Amino acid sequence: MLFQDDVVGGLEVLKDGEWFDVQPMRNSIVINTGDQVEVLSNGRYKSAWHRVQAKPDGNRRSIASFYNPSMKATIAPAPQLVENGGVGVEAFGYPEFVFGDYMSVYAEQKFDPKEPRFQAVRAM
C-alpha cells in the first residue's frame, strides 16, 4: 500500500514495455499486488513493475507499507483456480515455494524479470 504525495508525482508503472506516470490523487491509496498474489491467484492478478523517478518540481513524500506472509509460509496457486483452468498454469505453471526462499532469490534478482525468480524457487 502506498500513500503517495498529493502534489508531487514520480510513481511510474510498466505496461507493454513503456513506463507510465501514475498521477497522484488526493486522499488515495495505491495498491500494488506482489508476486505472491500473482502465484496465489494463478495469474489472474499480475504483480506490477513500478518505480519512482525524482522530479525537479518539489520534494515527494510518500508512505509505503508492505504486508508479507511468514517467511515459512508455503505459497502456491489456489487449488480451485488450477482445477478450473486458471490463467497461468498452462502458460507458465506457477510453482509452490516457501516465501523465505523466494525472498532470498528476490533480493538477488529484483530488477530482473520475475519468471526466472519463479523458476529458481521451483528448483529449490
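Helices (H or I, at least four residues) and strands (E, at least two) are DSSP runs, numbered from the N terminus.

**Figure 1. Overview of the predicted protein chain.** The chain holds 5 helices and 7 strands. From the N terminus on, their order is β-β-β-α-β-β-β-α-α-β-α-α. The C-alpha trace spans about 50 × 30 × 25 Å along its principal axes. Of the 124 residues, 29% are buried (under 20% relative accessible area; exposed is over 50%, partly exposed in between; 1.4 Å probe, protein chains only). Contact means heavy atoms within 4.5 Å. Among contacts between residues at least 6 apart in sequence, 66% join residues at least 24 apart. Residues are numbered from 1 along each chain as its sequence is written, and side-chain values use heavy atoms, with hydrogens and water left out. In this predicted model, local features need pLDDT of at least 70 and side-chain atom pairs count only at pLDDT 80 or more, while totals for chains, interfaces and linings use all residues.

**Figure 2. The hairpin of strand 2 and strand 3.** Val13 has Phe20 of strand 3 as its bridge partner. The hairpin leaves 2 residues between the strands. Asp16, in the turn, has a positive phi of about 50°.

**Figure 3. Asp6 and its surroundings.** Asp6 sits in the loop between strand 1 (2-3) and strand 2. With a relative accessible area of 32%, Asp6 is partly exposed. Arg26 lies 20 residues from Asp6 in sequence, yet the C-alpha to C-alpha separation is 5.0 Å. Not counting residues up to four places away in sequence, Asp6 touches Pro24, Met25, Arg26 and Asn27.

**Figure 4. Gln36 in helix 1.** Helix 1 covers residues 35-40. Gln36 counts as buried because its relative accessibility is 12%. Its side chain makes a polar contact of 3.2 Å with that of Asn68. A polar contact is a pair of N or O atoms within 3.5 Å; within protein, one must be able to donate a hydrogen and the other to accept it, and residues adjacent in sequence count only if both atoms are side-chain atoms. Beyond four places in sequence, Gln36 touches Tyr67, Asn68, Pro69, Ile75 and Phe99.

**Figure 5. The largest nonpolar core.** A nonpolar core is a set of buried Ala, Val, Leu, Ile, Met, Phe, Trp, Tyr and Cys residues joined through side-chain atoms within 4.5 Å. Helix 4 (99-109) and helix 5 (114-122) are the elements that give two or more residues. The largest share, 3 residues, comes from helix 4.

**Figure 6. Packing of helix 4.** Phe99, Gly100, Tyr102 and Val105 are buried in helix 4. The buried residues of this helix pack against helix 1, strand 6 (74-75), strand 7 (97-98) and helix 5. Neighbours within four places aside, Val105 is in contact with Arg117, Ala120, Val121 and Met124.

**Figure 7. The largest pocket.** On a 1 Å grid over the protein atoms alone, where a 1.4 Å probe fits, a pocket is an open set of points with protein on both sides within 12 Å along at least five of seven lines; lining residues have an atom within 4 Å of a point. The pocket is lined by 38 residues, of which Asn32, Thr33, Gly34, His50 and Phe66 lie nearest its centre. Strand 2, helix 1, strand 4 (50-52), helix 4 and helix 5 each give two or more residues to the lining.

Definitions and conventions:
Pairing = 2+ DSSP bridges. Points joined across faces, edges and corners; volume = space filled by probe spheres on them.
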